[in-house]
Amino acid sequence: MRSLFAELARQAAASARREVEAYAREIPEFASLDTDARARAETLEYAVWLRRRTLELARTTPR
C-alpha cells in the first residue's frame with residue numbers, strides 16, 4: 001500500500017494539470033482558465049494541494 005501512495009504523490013502535479021485542462025475544455029464556467037493565467041495557476045495549485053492533502057489523510061486514517 002505504501003508504494004501506491006508514493007506513486008499517487010509522484011503523479012499529483014500531472015494529474016492535477018490534466019484535471020484543470022478538462023475543466024477548461026468541458027465546463028463552460030471554467031473556460032476563462034484558457035485566457036486567465038493567474039486563475040489557471042490558482043486552480044492548478046488548489047488541485048495539486050487537494051490531491052496531496054487527500055493522500056495525507058488516507059495514510060493516517062485508521063482501518
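Biologist: Why does Pro-28 count as exposed?

Modeller: Pro-28 has 65% relative accessibility, and the label exposed needs over 50% (buried is under 20%, partly exposed is in between, with a 1.4 Å probe and protein chains only). So 65% puts Pro-28 among the exposed residues. Pro-28 belongs to the loop between H2 and H3; from Pro-28 to Glu-56, 28 residues apart in sequence, the C-alpha atoms are 32 Å apart.

Biologist: Where do these numbers come from?

Modeller: This is a predicted model, where local features need pLDDT of at least 70 and side-chain atom pairs count only at pLDDT 80 or more, while totals for chains, interfaces and linings use all residues. Residues are numbered from 1 along each chain as its sequence is written, and side-chain values use heavy atoms, without hydrogens or water.

Biologist: What makes Ala-16 count as buried?

Modeller: Ala-16 comes out at 0% relative accessibility, so Ala-16 is buried. Ala-16 sits in helix H2 (helices are DSSP runs of H or I with at least four residues, strands are E runs of at least two, both numbered from the N terminus). Leaving out residues up to four places away in sequence, Ala-16 touches Leu-44, Ala-47, Val-48 and Arg-51 (contact means heavy atoms within 4.5 Å).

Biologist: Which residues make up the largest nonpolar core?

Modeller: That core has 6 residues: Ala-16, Val-20, Ala-24, Leu-33, Ala-47 and Val-48. To qualify, buried Ala, Val, Leu, Ile, Met, Phe, Trp, Tyr and Cys residues must be joined through side-chain atoms within 4.5 Å. H2 (12-26) and H3 each give at least two residues to this core, and the largest share, 3 residues, is from H2.

Biologist: What makes Arg-38 exposed and Glu-42 partly exposed?

Modeller: Arg-38 has a relative accessible area of 63%, so Arg-38 is exposed. Glu-42 has 44% relative accessibility and therefore counts as partly exposed.

Biologist: Why is the pair of Tyr-23 and Phe-30 called tilted?

Modeller: The ring centres of Tyr-23 and Phe-30 are 5.1 Å apart and the planes stand at 35 degrees. Rings of Phe, Tyr and Trp (its six-membered ring) pair if their centres lie within 6.5 Å; under 30 degrees is stacked, over 60 is edge-to-face, and the rest are tilted. So 5.1 Å makes Tyr-23 and Phe-30 a pair and 35 degrees makes that pair tilted. The structure holds 2 aromatic pairs. Both residues here are partly exposed: Tyr-23 at 27% and Phe-30 at 31%.

Biologist: What makes up the nonpolar surface patch of about 340 Å²?

Modeller: Tyr-46, Trp-49 and Leu-50 make it. Patch residues need over 30% relative accessible area and no salt bridge, with nonpolar side chains (Val, Leu, Ile, Met, Phe, Trp, Tyr) joined within 5 Å and like charges within 9 Å. Leu-50, in helix H3 (residues 37-60), is partly exposed at 37%, so Leu-50 clears the area cut-off.

Key: Areas by Shrake-Rupley, 256 points an atom, 1.4 Å probe, with all protein chains shown as cover. Salt bridge = Lys/Arg side-chain N within 4 Å of Asp/Glu carboxyl O.
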